[in-house]
Amino acid sequence: MNDLILSSIYEHLYRGATTRDDDFHIMTFCNSGEKGLEARSVVLRSFDKDNKILFFHTDYRSPKVDMIKKNAESLCLFYSFSLKTQLRIRTISSIHHNDDISNTSWEKVGLSSRKCYLTKYSPSSKIETCDDGLPKKLKGKNPSLKESEEGKKNFCVVSNKIIEIDYLYLKSSGHERVAFDVSSGNFNWLAP
């Protein structure tokens, strides 16, 4: 039964990474920094089942990048309302900036998403007024491919190597919860 659950988890993660309207497409990424714990929603961009790695994109200037550099321990939280399933996935994160992984990912990023990396502001920086920092000529439109290349310097990929998965399935006939140690292949049933 546990192999079926784990196989189902991996299938849901793959679908989350490849299907825009899937409940697992958006995850909550949690890590710690100088102010304590931080959590934010990010888009699951890909899932490497063989190596058990979750990937998302972010701005290299984001505070979470510095947090990861100082402490790579992180947690990825997923919840599916339709499946009544929660996944708490403990991971070790790493940053890919101007390397093969980020370069390959950048080539697949659409122009509307590349536009996000053209802002003059670093994420979370204090600004004088409400402003997204994008050039005025791009307000309401996508950049050209050539214009978008300027944002590549701000683009990076965060890879999250799965260490442990805590699976919770909510059902009226009795909740189920199990923790999988991915590196050892061991599992433990847990009280929901």
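Visitor: Where is serine 105 found?

Guide: Serine 105 sits in helix 3. Bear in mind that this is a predicted model.

Visitor: Is serine 105 buried or exposed, and why?

Guide: Serine 105 counts as buried because its relative accessibility is 17%, and the cut-off for buried is under 20%.

Visitor: What is serine 105 in contact with, leaving aside its neighbours within four places in sequence?

Guide: With those neighbours left out, serine 105 is in contact with His57, Phe155 and Val157.

Visitor: Which residue caps the N-terminal end of helix 3?

Guide: Aspartate 99 does, with a side-chain oxygen 3.2 Å from the backbone nitrogen of isoleucine 101.

Visitor: What about helix 2, which residues are buried there?

Guide: In helix 2, residues 63–70, the buried ones are Lys64, Val65, Met67 and Ile68. Their arc around the axis is only 160°, so they too fall on the same side of helix 2.

Visitor: What covers the buried residues of helix 2?

Guide: The cover includes strand 1, strand 2 (36–43), strand 4, strand 6 and strand 7.

Visitor: Let's step back. How many helices and strands does the protein have?

Guide: The protein has five helices and nine strands. Starting at the N terminus, the elements run α-β-β-β-β-α-β-β-α-α-α-β-β-β.

Visitor: What box do the C-alpha atoms fill?

Guide: Taken along the principal axes, the box is roughly 55 × 35 × 35 Å. Of the 192 residues in the protein, 39% are buried. Among contacts with a separation of 6 or more, 62% are between residues 24 or more positions apart.

Visitor: How many residues are in the largest nonpolar core?

Guide: There are 25 residues in the largest nonpolar core, and those with the most contacts inside it are Ile9, Leu13, Leu54, Phe78, Leu87, Ile89 and Ile165. Elements that each supply at least two residues of this core include helix 1 (2–18), strand 5 (73–80) and strand 8 (176–181). Helix 1 gives the largest share, six residues.

Visitor: What is isoleucine 89 in contact with, sequence neighbours within four places aside?

Guide: Isoleucine 89 is in contact with Leu13, Leu54, Ser74, Leu75, Cys76, Phe78, Ile162, Glu164 and Ile165.

Visitor: Which residues does the second, separate core include?

Guide: That core has seven residues, including Trp106, Val109, Tyr117 and Phe155.

Visitor: New topic, pockets. How much space lies in the largest pocket?

Guide: About 690 Å³ lies in the largest pocket. Its lining has 29 residues, and those nearest the centre are Arg45, Phe56, His57, Val109 and Tyr117.

Visitor: Which element gives the largest share of the lining?

Guide: Strand 4 does, with five residues of the lining of the largest pocket. Helix 1, strand 2, strand 4 and helix 3 each supply at least two.

Visitor: Last one. Where does aspartate 166 lie?

Guide: Aspartate 166 is in strand 7, and is buried, with a relative accessible area of 6%.

Visitor: Which side chain does a polar contact join to that of aspartate 166?

Guide: The side chain of arginine 177, at 2.6 Å. Leaving aside neighbours within four places in sequence, aspartate 166 is in contact with Gln86, Leu87, Arg88, Arg177, Val178, Ala179 and Leu190.

Conventions:
Residues numbered from 1 in each chain as written. Predicted model: local features only at pLDDT ≥ 70, side-chain atom pairs only at ≥ 80, totals over all residues. Heavy atoms only, no water. Core = buried A, V, L, I, M, F, W, Y, C linked by side-chain atoms within 4.5 Å. Buried < 20%, exposed > 50% of the residue type's maximum accessible area, 1.4 Å probe, protein only. Helix = DSSP H or I, 4+ residues; strand = E, 2+ residues; numbered from the N terminus. Contact = heavy atoms within 4.5 Å. Arc of directions from axis to C-beta. Polar contact = N/O pair within 3.5 Å; in protein donor to acceptor, adjacent residues only side chain to side chain. 1 Å grid on protein atoms, 1.4 Å probe; cavity = no way out; pocket = protein on both sides within 12 Å on 5 of 7 lines; lining within 4 Å. Points joined across faces, edges and corners; volume = space filled by probe spheres on them.
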